[in-house]
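User: I am new to this structure and would like to understand some of its features. Please begin with the terms needed.

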Amino acid sequence: MGLVFTDLIARAFRIQFFLRGLGHRITFGEAFTLNAFGDAACALTPLRIGGEPARLGGMLRARVPATAAFVAISIEILAAWPVVIISAALLAWAYAPQWWAAVGPHLERFAHHAWPWLVVVTLLSVLAWLAARRRAKSAVRNFRRPIRRVMVYWRRMPRWPVLASLPLTFINVVARTALLPVLALTVSDPPAIGPTAVGSFALLYSQLILPTPSGAGAVDLGFMAGAAGDLGDGSGLLLLAWRFYSVGAGALLGFWLAGRIYGWKALKNRMSRRTSEPTAGTGLR
């Protein structure tokens with residue numbers, strides 16, 4: 001839980017800095033809450049496409065103009081990716097050979113014996129990808145005109161929020177990646193931390209490109225196949241624990257905050273309207 005809240009706190013400060021750079025101050029509590037909204041939406045939507053609209057809604061609740069909120073989210077994403085890529089490169093350089101030596105035989109045996117499951121998961125993932133891509137196209141059309149209007153605001157962002165965000169993003173990556181190696185220490189014969197960290201990073205960030213919500217199916221299959229190393233007979237329990245801390249805790253926190261702020265009835269009605277109106281406009285002005 002310490003790692004979970006370290007991640008949440010670092011990301012709250014990060015979006016606070018970007019909004020302050022655009023001239024809009026929000027409290028730490030408001031920043032924490034809007035990120036929790038995003039985590040809840042990411043956990044339930046294909047390709048995590050609901051996360052940023054949910055965070056945008058949290059910023060509007062904090063009285064941030066829609067244009068400034070959209071620009072802050074966009075720059076935050078662009079500034080975070082180099083840190084994620086560099087972290088992946090460092091992990092691969094340090095531990096990729098040991099990781100493959102540890103997990104390669106497990107993956108090969110699993111692929112040989114469980115190839116029907118691999119075919120089913122791959123087919124379902126492709127179908128989900130096509131469905132999510134169709135939904136995403138309508139979202140892109142809705143955002144295209146607002147994107148053209150807000151490009152002018154990008155040049156107004158000072159450099160200090162971007163620089164300040166770099167160590168915060170690194171904390172975010174390390175905290176989330178460390179969840180699985182820390183959980184793996186509970187087994188009687190834990191695998192080496194380095195290779196487990198490589199598997200943890202791969203399982204976490206593959207969710208960004210997998211079409212099902214939180215990579216459901218493919219990520220779980222990869223975990224059980226040994227992508228994070230040999231976790232022994234308790235791998236099923238560890239999978240549940242890792243899913244809770246990496247996805248479930250943030251989602252539950254986001255739903256709880258949304259229910260406390262908006263009321264459970266209003267939240268249920270809002271979710272029903274979003275389900276029945278998948279192509280609604282963004283409302284950016």
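Analyst: A salt bridge is a side-chain nitrogen of Lys or Arg within 4 Å of a carboxyl oxygen of Asp or Glu. This is a predicted model, in which local features need pLDDT of at least 70 and side-chain atom pairs count only at pLDDT 80 or more, while totals for chains, interfaces and linings use all residues. Residues are numbered from 1 along each chain as its sequence is written, and side-chain values use heavy atoms, with hydrogens and water left out.

User: Which residue meets R63 in a salt bridge?
Analyst: Side chains of opposite charge can pair when their charged atoms come close. For R63 the N to O distance in the salt bridge is 3.5 Å, and the partner is E30.

User: How many residues apart in sequence are the parts that R63 and E30 tie together?
Analyst: Helices here are DSSP runs of H or I with at least four residues, numbered from the N terminus. R63 lies in the loop between α3 and α4 (66-113), whereas E30 is in helix α2, so the pair ties together parts whose separation in sequence is 33 residues.

User: Is E30 buried or exposed?
Analyst: Buried means under 20% relative accessible area, exposed over 50%, and partly exposed in between (1.4 Å probe, protein chains only). R63 has a relative accessible area of 67% and is therefore exposed. E30 has a relative accessible area of 15%, so E30 is buried.

User: Which residue forms a salt bridge with E76?
Analyst: The N to O distance in this salt bridge is 2.7 Å, and the partner is R55. The pair links distant parts of the chain, 21 residues apart, with E76 in helix α4 and R55 in helix α3.

User: What is the N to O distance in the salt bridge of D7 and R11?
Analyst: Both residues lie in helix α1, four residues apart, about one turn of the helix. D7 is buried, with a relative accessible area of 4%, and R11 counts as buried at 11%. Their side chains meet at a distance of 3.1 Å.

Definitions and conventions:
Helices (H or I, at least four residues) and strands (E, at least two) are DSSP runs, numbered from the N terminus.
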